[in-house]
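Hi everyone, thanks for making time this morning. Let me put the structure up, and then I'll walk you through it.

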Amino acid sequence: MQLRNLGNSGTIVSEFALGTMTFGAEADEQASHAILERYLDAGGNFLDTADVYTAGASESIIGRWLARNPGSRDSVVIATKGRFPMGGGPNDLGLSRAHLRTALDASLRRLGVEHIDLYQMHAWDALTPIEETLRFLDDAISAGKISYYGFSNYLGWQLTKAVHVARAHEFAPPVTLQPQYSLIVRGIEHEVVPAALDAGIGLLPWSPLAGGWLSGKYHRDQAPTGATRLGENPTRGMEAWEARNADPRTWEIIDAVDAVAKETGASASQVSLRWLSDRPAVTSVILGARTTEQLEDNLGAADLVLTDDQRRRLDEASTPRTDIYPYGEQAVQQRHRKREGGR
């Protein structure tokens, strides 16, 4: 597994992170610990969780594993998040100093650690001044409670604003952004990816298989059944079955992935993960697995090499749709210039 800098920091992480949203929900504690150990055996060192995952159970499961393996804490990089409700009160959510103080301390207790390597703001909070959030995070670094901070689900302007407000106040800068990103969901390439590249911020894509759509398990016009996310809940979130199945682009992308998988002898998941890991600004792709078998297949992406032609075909099949302006071809050309002059 390749090793990369954690965004613009000096900390080194593996190119595939272990996402633990399944811990305590789709995977019980025994299965979660088995997934964790298999990931570490494969050379991974980057764990991603959040306080809201299974109402704190994911963090607690990781914490109990760390307690049973006390020598492992210094060999793993732990990332968690705060922002979403962990109670019913008006200050039990958001990015205010009041909420983040209690949220961070609760995450530290559940994980059983003295500090968190990467503390991420799980989403933008329009009610809290960005200065308040960033000052809290800078104070948390000074206090030794966190090493770095990052964001999740921010838009390009929100990320850029945070970067420049941090500079203006001489706060520690953000190092990462965790967005949804996959062959099916490439809209962040218009504004978010350029903003991250401009600031030297690393991307940590979540849902890299688009909720299972890029794993090869679903088939056109055949409603999913059984023990899959869409089989259990076909209306689930952004990856709901009906809308994506009805969109021809979905199947054009899946067909392109399947063709490359056959050429390489890899699985559809491995092709999709390899393509994403090699995208500009990507630091580490977050793998989410219910079982060690799923994880084992995903880890195979680390050994896969795609040719330029294979990448081109995947790029073309999954090109994000745009209006003529401001992201159409002619509009993009307006934002560039030739060194020799002329249009």
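Start with Phe 151, please: its bridge partner in strand β8 is Leu 177. Keep in mind as we go that this is a predicted model. Strands β7 and β8, the latter being residues 176–178, pair in the parallel sense over 3 bridges. And how does the chain form a unit with these two strands? With helix α5, residues 156–169, β7 and β8 make a right-handed β-α-β unit.

Now look at the other pairing of β7. Strand β6, residues 116–121, runs parallel to β7, and 5 bridges join them. Phe 151 turns up again here, as the bridge partner in β7 of Met 121. The chain gets from β6 to β7 through helix α4, residues 130–142, and that β-α-β crossover is right-handed as well. As for β7 itself, residues 146–152, is it mostly covered or mostly open? It is mostly covered, with 5 of its 7 residues buried.

β8 and β9 run parallel and are joined by 2 bridges, and Leu 177 has Leu 203 as its bridge partner in β9.

Let's step back to the whole sheet. It is open and has 8 strands, in the order β9-β8-β7-β6-β5-β4-β3-β10, with parallel pairing.

Take Arg 110 and Glu 59, whose closest N and O atoms are 2.7 Å apart. Arg 110 sits in helix α3 and Glu 59 in helix α2, so this pair ties together parts that are 51 residues apart in sequence.

Next comes Asp 117 with Arg 73, where the closest N and O atoms are 3.2 Å apart. Asp 117 belongs to strand β6 and Arg 73 to the loop between α2 and β5, so here the parts tied together are 44 residues apart in sequence. Asp 117 is buried, at 11% relative accessible area, and Arg 73 counts as buried at 15%.

One more pair: Arg 279 and Glu 189, with 3.3 Å between the closest N and O atoms. This one links the loop between α10 and β10 to the loop between β8 and α6, 90 residues apart. Both Arg 279 and Glu 189 are buried. There is also a network, in which salt bridges with shared partners join Arg 4, Glu 15, Arg 274, Asp 278 and Arg 311.

Last stop, the largest pocket. How much space lies in it? About 820 Å³. Of its 37 lining residues, the closest to the centre are Met 21, Ser 207, Gly 211, Arg 229 and Gly 288. The elements giving two or more residues to the lining are α10, β10 and α11. By class, the lining has 12 nonpolar, 17 polar and 8 charged residues.

Terms used:
Residues numbered from 1 in each chain as written. Predicted model: local features only at pLDDT ≥ 70, side-chain atom pairs only at ≥ 80, totals over all residues. Heavy atoms only, no water. Buried < 20%, exposed > 50% of the residue type's maximum accessible area, 1.4 Å probe, protein only. Helix = DSSP H or I, 4+ residues; strand = E, 2+ residues; numbered from the N terminus. Pairing = 2+ DSSP bridges. Right-handed = clockwise from strand over helix to strand, strands pointing away. 1 Å grid on protein atoms, 1.4 Å probe; cavity = no way out; pocket = protein on both sides within 12 Å on 5 of 7 lines; lining within 4 Å. Points joined across faces, edges and corners; volume = space filled by probe spheres on them. Nonpolar A, V, L, I, M, F, W, Y, C, P; charged D, E, K, R; others polar. Salt bridge = Lys/Arg side-chain N within 4 Å of Asp/Glu carboxyl O.
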